[in-house]
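Trainee: I would like to go through this chain with you step by step, from its overall make-up down to single residues. Could we look at it together?

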Amino acid sequence: MEVENAKDNTLKVCFYEMLGSLILFLGVNWGNNPAAVALALYTGVMITGSISGAHHNPAVTLGVLFADGCEHVGTHMKTALAVIFSQVVGMSLGAGIIYLSYTDKVAKTNNVAILLSLQNK
């Protein structure tokens with residue numbers, strides 16, 4: 001769970017995890033093909049990998065936490081929870097950006113199915 005370049009700097013790790021999660025979320029929701037998602041993930045990993053480990057997903061963070069063995073879970077739990085919270089904040093910011101980009105379409109309709117179909121165009 002420790003990152004070499006950011007030891008004892010949880011705030012820095014959290015910021016970069018938030019940024020990477022934001023990039024990944026935008027890539028998944030704006031990129032309508034696998035290449036766009038892969039490019040977004042690659043970009044996030046290249047920007048944040050050496051600083052935060054580039055988990056960008058709470059499932060990956062939990063996997064890394066438990067991969068060290070159960071005896072280390074207690075010592076790294078606080079950092080893992082902070083990183084997961086940062087990832088959720090990054091994804092929430094991404095959702096806000098996506099929402100704002102479709103605000104004019106949201107104002108014109110209340111039908112969720114229509115909104116979801118507009119995203120794919």
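Trainee: What share of the contacts in the chain with a separation of 6 or more comes from residues 24 or more positions apart?
Mentor: Keep in mind that this is a predicted model, in which local features need pLDDT of at least 70 and side-chain atom pairs count only at pLDDT 80 or more, while totals for chains, interfaces and linings use all residues. Residues are numbered from 1 along each chain as its sequence is written, and side-chain values use heavy atoms, with hydrogens and water left out. Contact here means heavy atoms within 4.5 Å, and among the contacts with a separation of 6 or more, the share from residues 24 or more positions apart is 70%.

Trainee: Which elements make up the chain, in order from the N terminus?
Mentor: Helices (H or I, at least four residues) and strands (E, at least two) are taken as DSSP runs and numbered from the N terminus. The count is six helices and zero strands, and the order is therefore written, with helices read as those DSSP runs, as follows. From the N terminus on, the elements run α-α-α-α-α-α.

Trainee: How many Å does helix α1 reach from its first C-alpha to its last?
Mentor: Helix α1 covers residues 10-30 and has 21 residues. The expected span of a helix is 1.5 Å times one less than its number of residues, and for α1 the expected value is 30 Å. The span in the model is close to that expectation, at 30 Å.

Trainee: Is Val83 buried or exposed?
Mentor: The cut-offs for relative accessible area are under 20% for buried and over 50% for exposed, with partly exposed in between (1.4 Å probe, protein chains only). The C-alpha of Val83 is also separated by 8.0 Å from that of Pro58, 25 residues apart along the chain. With a relative accessible area of 1%, Val83 is buried.

Trainee: What is the relative accessible area of His56, which has a positive phi although it is not a glycine?
Mentor: His56 lies in the loop between α2 and α3, and its phi is about 60 degrees. Ala54 is placed in the loop between α2 (34-52) and α3 (58-67), has a positive phi of about 55 degrees although it is not a glycine, and is buried at 15%. His56 is buried, with a relative accessible area of 1%.

Trainee: Why does the aromatic pair of Phe15 and Tyr16 count as edge-to-face rather than stacked?
Mentor: Rings of Phe, Tyr and Trp (its six-membered ring) pair if their centres lie within 6.5 Å, and planes under 30 degrees apart count as stacked, over 60 as edge-to-face and the rest as tilted. A search of the whole structure finds one aromatic pair. The rings of Phe15 and Tyr16 have centres 5.3 Å apart and planes at 85 degrees, so the pair is edge-to-face.
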